[in-house]
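Here is a short report on one structure.

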Amino acid sequence: MAQPDNKRFFENLTGSGKAIAVLTSGGDAQGMNAAVRAVVRMGIYVGAKVYFIHEGYQGMVDGGDNIKEATWESVSSMLQVGGTVIGSARCKEFRAREGRLKAAHNLVQHGITNLCVIGGDGSLTGANLFREEWSGLLAELVEQELIDEDAAQTYSALHIVGMVGSIDNDFCGTDMTIGTDSALHRIIEVVDAIMTTAQSHQRTFVLEVMGRHCGYLALVSALACGADWVLIPEMPPEDGWEDKMCQKLSANRAGMKRLNIIIVAEGAIDCNNRPITAGCIKDLVVRCLGFDTRVTILGHVQRGGTPSAFDRILASRMGVEAVLALLETTANTPAYVVSLCGNQSVRLPLMECVQMTQEVQKAMDEKRFEEAVKLRGRSFENNLKTYKLLAHRKPESELPHSGFNVAILNVGAPAAGMNAAVRSAVRVGISEGHKMFAVNDGFEGFYKGQIREIKWADVGGWTGQGGSLLGTKRTLPAKHVDKIAEQIRKNNINALLVIGGFEAYLGLLELLAARGKYDEFCVPMVVVPATVSNNIPGSEFSIGADTALNAITDTCDRIKQSASGTKRRVFIIETMGGYCGYLATVGGLAAGADAAYIYEEPFDIRELQANVEHLTDKMKTSIQRGLVLRNENCNDNYTTDFIYQLYSEEGKGVFDCRKNVLGHMQQGGAPSPFDRNFGTKISAKAMQWITKKLTETYRQGRVFANTEDSCCLLGMRRRALIFQPVVQLKDETDSIHRIPKEQWWLKLRPLMKILAKYKTSYDVSDSGQLEHVVRNRPKDLDASTL
C-alpha cells in the first residue's frame, strides 16, 4: 500500500557499510542496558555493524578484546538488568591526546566512525573533543605509519550521538536523564518504609540522597513523599533557617503528626556556601527540640536495582533515535544529544547542552542561586514552586479569603496517584483563600449529600497512599442532576474539580449539558485525568498509568525469571485497559515482549500464526523465554485462552506455554514517583485555573460561568499541559470503545516489533529534529513532571 507523502520511513535510511560503536562511560545508571540493547538491535536491523566498547573510554584506549562485534542475541535478557553490562570506567589516559590517539587507532582498525556515547556531561564533552580532533589524530597516525592514506580518507569523519545516563538529572536541555526515575523509585521505596517505623516511635528521620551539584533527586522525592523540609544546592536556605525549620517540625508534631521527614541532597549548602550535612541537621533537631532523630544515608542504593518502566522506555526510544541520528549525519553535522522534551524526541547540539550545564554550576559558585534554578529548566523551577506551595502553610492571618467554595471528587475506577492529586488541590485551594470540600464516592456521593469540608492537615500523608481515600464510583450524574444541583446550592459550591477516568470526562459533559436547565452548573469545572487505562481524550498521560506499567513490568520480569534454567517457555499475559492498548503496548516495550495484541491494531489468524512461527524460529536458535501481551478487549474471539491454546499447539516440541491474567494488581499498590508528582503538579495547575476562572466569572455577588471554556479537561499534549473544553473533545473520541481516535503511543508499536526482530515500517517523520537549548520552550511546558 502506498504511504502518505507526508511520512518518511527509515527504510530510506540505510546503515549498510556503516560501523557503530556503543559505550557507557562515567557513573552507571539504571536503563543504560536498555539503551545499549536498542542501539545494537536497531543498528543491526538497518544493516550496520555494531560494536560494544567494554569499560568505556578505557576500553577504547586499550583496544583488543574490549572492542567486540555485537550480535542480536548478545543483548537478550539485559533489558531488566541494572547498571551496565558492558562496563564503565573513568579513564585518565583518554584525557590526554596520546590516549585519544590510541583510541582513534583502535576505532580505525575496526572501521568505526559512528559513536554512541551513554554517560554524563564529562563523558559527552570528551566525545566531542575526540570528534573535533579526529582529522588531526588520523593525520598523526598516517605520519607514524600506523594507518595508510586510504584509511584516513575512508574514515575521515567521526560522528557522535550522545544519550545522557545520570541518576542526578543534572544535564540541561533534557527533561529526564536515563536512570533518574529508577533512582527516585529507590528513594521513595526507602522513604515509604521509613515512614512506618518513624510513625511507630514518633521519630524524625533525616535522609541524605545523591546530588553533589544538583538537588533534583532531593527536591522531587520531597515533593513525592510530602517531606517537611528539603535542602538542595541550588536554593540554599536564608540565614535563620534553623529556627524556621525547627518551628515547622514542632508545629507539625503539635498538629498530631507523629513523624518528620527531612531530605537533604549530599551537596546541600547554606547561603554562605558552607555544607549542610545530615549529621548537622540531626544534631540541630536533637539540641533544639529534643526529638528522637535518626539519619539514613541512601548512598549507592540509588544507583542499584532494576530500571523502572519509564527508564526502559526512555532508553529504548533514545537508543533507536540515536541510530537514526547517526544514519542521517553528514560531515557538517554537530555532535548531538538525543533526548525527550515532554513526550517528543529532540536532538540538541551537545556542546550547547554542556555549556548550559556549566553555566548552572558557575551561577551557583557566584551565589546567583535564583538564576541557577531558572537555568535548570522550567520543570525544576516548577517543582520547587510547587513544593514550597504545598509544604509550607502560611499563617491564617496571611491567607487571602476569596469566599469561594470548591468541591473535589474522584470518579471512575481507582488509580494510584489520585490521593496525591487531591492533597495538592486541597492545599493549593486553601493557599489561594478558598474553602475546600471533599465529596465521597463520586457523583453517587454527591447527590446523596456526602460532602464535608476538608482542611490542610486532613490530607497529610496522602501522597504515598494508593487507591482513592475519598472513595470513587463509576456512577454518571445524568439521572441525578436535580439532586446534585440541590447539593451545589445547599453547600454554595462555586467550582468543581473532578479527578478520574473516562467517566469523569463523560460526567462533565453531562453536567455541561444540564447548564441550560440548572444554573447551579454554571460554575468553573475541570477534569484531571486519572486512570490506569490512559484512555482519556485530550491527554497523552493519565495519573495511575505509570504505576500500572511498573506493576506489569515487574510481574513480567518475575514471570520470565520463573522459567530461567528450564526448558523453552512462552508466557501469554493479559493486561487491563478496556479497549485501549496502551498498557499492553508500552508494557510490552518495557518488558521486552515479542508481541502485543491490541484493539487499535486489528489482527487475524494469519498474523497469529506468523507470530507463532517467528517465535518458534527464535526459540530454536537463541532465546529461552518468550513474552506475549494481550489487551483484555483486543478481540472478542481471539481470547487469552484461544491464544494460549494456539501457541501451545503450534509450539509443541519447541516450547511450552503458560498464561497469566494480571487483573486488578495493576490498579493497586503505592503510586510510583511519576504518578505522585504528575498528580501533584497537574492538580495544582487545575486549582490555579479554577481560581482564575472564579475571579473572571464573579459578577454581581455570584459566580456565573456558562461558556465552553469554563468546563475543561487539563491534559498533557506533546510538550504542554493545556486546558481543553470538554465539548471540543467529543469529535476526538470513539465514545463506543471509550478511547481517543488518535493515540500517540501507537507510533511505539513498530519500535517494539523492530526490537523483537520483526520486519516492519517505522515512520521517522516525527523523530527528533535539531533544536537549540537557548530557544524558549512553550509557556505551559511542564511535561516532565518528575
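## The second largest cavity

Met163, Val164, Thr174, Met176, Thr177, Ile178, Leu314, Met318, Val337, Val338 and Ser339 line the second largest cavity. The model is a predicted one, in which local features need pLDDT of at least 70, side-chain atom pairs count only at pLDDT 80 or more, and totals for chains, interfaces and linings use all residues. Residues are numbered from 1 along each chain as its sequence is written, and side-chain values use heavy atoms, with hydrogens and water left out.

A cavity is a set of points on a 1 Å grid over the protein atoms alone where a 1.4 Å probe fits but cannot get out; lining residues have an atom within 4 Å of a point. The search of the whole structure finds three cavities of 30 Å³ or more. Volume here is the space filled by probe spheres set on the points, with grid points joined across faces, edges and corners.

Which elements give two or more residues to this lining? They are strand S5 (159-164), helix H10 (309-328) and strand S10 (336-341). Helices (H or I, at least four residues) and strands (E, at least two) are DSSP runs, numbered from the N terminus. S10 gives the most, with three residues. By type, the lining of the second largest cavity has eight nonpolar residues, three polar and no charged. Nonpolar covers Ala, Val, Leu, Ile, Met, Phe, Trp, Tyr, Cys and Pro; charged covers Asp, Glu, Lys and Arg; the others, Gly among them, are polar.

## Aromatic pairs

A pair of aromatic rings is described by the distance of the centres and the angle of the planes. Rings of Phe, Tyr and Trp (its six-membered ring) pair if their centres lie within 6.5 Å; planes under 30 degrees apart are stacked, over 60 edge-to-face, and the rest tilted. By this rule there are 17 aromatic pairs. Phe404 and Tyr698 are edge-to-face, because their ring planes stand at 75°, with the centres 5.5 Å apart. This pair links distant parts of the chain, 294 residues apart: Phe404 is in the loop between helix H13 (378-391) and strand S12 (405-411), and Tyr698 is in strand S22 (residues 698-699).

Burial is judged by relative accessible area: buried is under 20%, exposed over 50%, partly exposed in between (1.4 Å probe, protein chains only). Phe404 is buried at 10%, whereas Tyr698 is partly exposed at 40%. Tyr638 and Phe642 make a tilted pair, 5.3 Å centre to centre with 40° between the planes. Here Tyr638 is buried at 18% and Phe642 is partly exposed at 30%. One aromatic cluster is formed by Phe310, Phe541, Tyr582, Phe674, Phe678, Trp744 and Trp745.

## Charges over rings

A charge sits over a ring if NZ of Lys or CZ of Arg is within 6 Å of the ring centre and within 35 degrees of the ring normal. The charged end of Arg253 sits over the ring of Phe291, 4.3 Å from its centre. Lys759 lies over the face of Tyr45, 4.6 Å from the ring centre.

Ala38 is part of helix H1 (residues 32-45). Is Ala38 buried or exposed? Ala38 is buried, at 0% relative accessibility. Contact means heavy atoms within 4.5 Å. Beyond residues up to four places away in sequence, Ala38 touches Gly43, Ala315, Ser316, Gly319, Val320 and Leu755. Its C-alpha atom is 8.8 Å from that of Val75, 37 residues apart along the chain.

Thr697 lies in helix H22 (residues 673-697) and is buried at 12%. Setting aside neighbours within four places in sequence, Thr697 contacts Pro524, Arg702, Val703, Phe704 and Ala705. Gln667 sits in the loop between strand S21 (656-661) and H22, and is buried at 12%. With the neighbours within four places left aside, Gln667 contacts Ala413, Pro414, Ala416, Val532 and Met576.

## Positive phi angles

Glu55 is not a glycine, yet its phi is positive, near 60°. Glu55 lies in the loop between strand S2 (49-53) and helix H2 (56-62) and is partly exposed at 35%. Lys757 also has a positive phi, about 75°, although it is not a glycine. Lys757 is in the loop between helix H23 (749-755) and strand S28 (769-770), and is partly exposed at 38%.

How values were computed:
1 Å grid on protein atoms, 1.4 Å probe; cavity = no way out; pocket = protein on both sides within 12 Å on 5 of 7 lines; lining within 4 Å.
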